[in-house]
Amino acid sequence: MRRPFVAGNWKMHGSRAENADLIEALLLGLPAQPVCDIAVCPPAVYLWETGRLLKESSVVLGAQSVCAESIGAFTGEVSAAMLKDVGCKYVIVGHSERRHHYKEDDSLVARKFLAAQAQSLIPILCVGELLEERERGQTMAVISRQLATVLDLAGVDAMRNAVLAYEPVWAIGTGKNATAAQAQEVHAHIRATVAARESASGGKIAAALRILYGGSVKAGNAAEIFSMPDVDGGLIGGASLKADEFLKICAAAQAH
């Protein structure tokens, strides 16, 4: 049984005061022992303070990106060791905004994945297609290519300590959303792609791999999406900035 997981990606939002209010509301609204894993991923400058606010709670800390290099003259970058040092457990790798706005290619994403795992961080590896790629019928080919680059570099065993997230790029911040059936189809393809790399483990790694959906999940559609057999929770953007909305999404994940 895969334990549900909901991660809130705050993107470039927040302030010290807003973050404190949000965390206070989340912790007040969550049960003492949630039956799903919950993480929040604030901007890097707020990681330490957010981690302090989360101390001794059930909510864990994640980062939004990581440098592929371990140390050195890389102005503006943050290493995996630094993220670990301030209390992160997870880090998002290959988010569509990093891929498309900042031109992070599949190779760099794979290196970031390895850098995270080298410091015992759990990467949340994002994959997903553009609208034009879906319209051309290339969704599965794009997903397979993005996954293959990581699997070729890291090996399938690396998926034992990773989370996948499917982000249909055309459904992020657009008001559009993949149907639950469309999400399930891609999630099943991701799981099958990982399983195809297994030999000795007989598909056990793929069966245990948590795959999140990351395309404009809201309280109103979370239950339907999370009911799909290969959807194990969500990577939540804008809705994670509203405590009541995020709590409802977490409740939907716990119900499944």
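Predicted model: local features only at pLDDT ≥ 70, side-chain atom pairs only at ≥ 80, totals over all residues.
Biologist: Hi! Let's start with Asp232. Where is Asp232 found?

Modeller: Asp232 sits in the loop that runs between helix 10 (219-226) and strand 8 (233-236).

Biologist: And is Asp232 buried or exposed?

Modeller: Asp232 is buried, because its relative accessibility is 7% and the cut-off for buried is under 20%.

Biologist: Which residues is Asp232 in contact with, leaving aside its neighbours within four places in sequence?

Modeller: There are several stretches of chain in that list. Asp232 is in contact with Arg2, Arg3, Pro4 and Phe5, with Arg191, and with Leu209, Arg210, Ile211 and Leu212, once neighbours within four places in sequence are set aside.

Biologist: What does the side chain of Asp232 have at 2.9 Å?

Modeller: That would be the backbone nitrogen of Ile211, which lies 2.9 Å from a polar atom of the Asp232 side chain.

Biologist: How far is Asp232 from Leu164, in sequence and in space?

Modeller: They are 68 residues apart in sequence, and their C-alpha atoms are 9.7 Å apart in space.

Biologist: Okay, on to Arg210. Which strand is Arg210 in, and is Arg210 buried or exposed?

Modeller: Arg210 belongs to strand 7 (residues 210-213). With a relative accessible area of 14%, Arg210 is buried.

Biologist: Which side chain does Arg210 make a polar contact with?

Modeller: The partner is Asp37, and the polar contact between the two side chains is 2.8 Å.

Biologist: How does strand 6 pair with strand 7?

Modeller: Strand 6 (residues 163-166) and strand 7 are parallel, with 4 bridges between them. Within that pairing, Leu164 has Ile211 of strand 7 as its bridge partner.

Biologist: And what does strand 8 look like, face by face?

Modeller: Strand 8 has both faces covered too: Gly233 and Leu235 are buried on one side, Gly234 and Ile236 on the other. Strand 8 runs parallel to strand 1 (residues 5-9), and 4 bridges join the two. Val6 is paired with Gly234 there.

Biologist: Switching to helices. At what angle do helix 1 and helix 11 pack?

Modeller: Helix 1 (residues 16-29) and helix 11 (residues 243-255) pack at about 35°, and their axes are 9 Å apart. The crossing is right-handed.

Biologist: Which residues make that contact?

Modeller: Helix 1 contributes Leu22, Ala25, Leu26 and Gly29, while helix 11 contributes Ala243, Phe246 and Leu247. By class, the contact has 6 nonpolar residues, 1 polar and no charged ones.

Biologist: Last topic, backbone angles. What is phi for Lys11?

Modeller: Phi of Lys11 is near 55°, a positive value in a residue that isn't glycine. Lys11 lies in the loop between strand 1 and helix 1.

Biologist: And Ser120: what is its phi, and where does it lie?

Modeller: Ser120 has a positive phi of about 65°, although it is not a glycine. Ser120 lies in the loop between helix 5 (106-118) and strand 5 (122-127), and is exposed at 53% relative accessible area.

Definitions and conventions: Residues numbered from 1 in each chain as written. Heavy atoms only, no water. Axes fitted to C-alpha atoms, helices over the stretch in contact; angles between N-to-C directions. Left-handed = near helix turned anticlockwise from the far one by under 90°. Contact = heavy atoms within 4.5 Å. Nonpolar A, V, L, I, M, F, W, Y, C, P; charged D, E, K, R; others polar. Buried < 20%, exposed > 50% of the residue type's maximum accessible area, 1.4 Å probe, protein only. Polar contact = N/O pair within 3.5 Å; in protein donor to acceptor, adjacent residues only side chain to side chain. Pairing = 2+ DSSP bridges.
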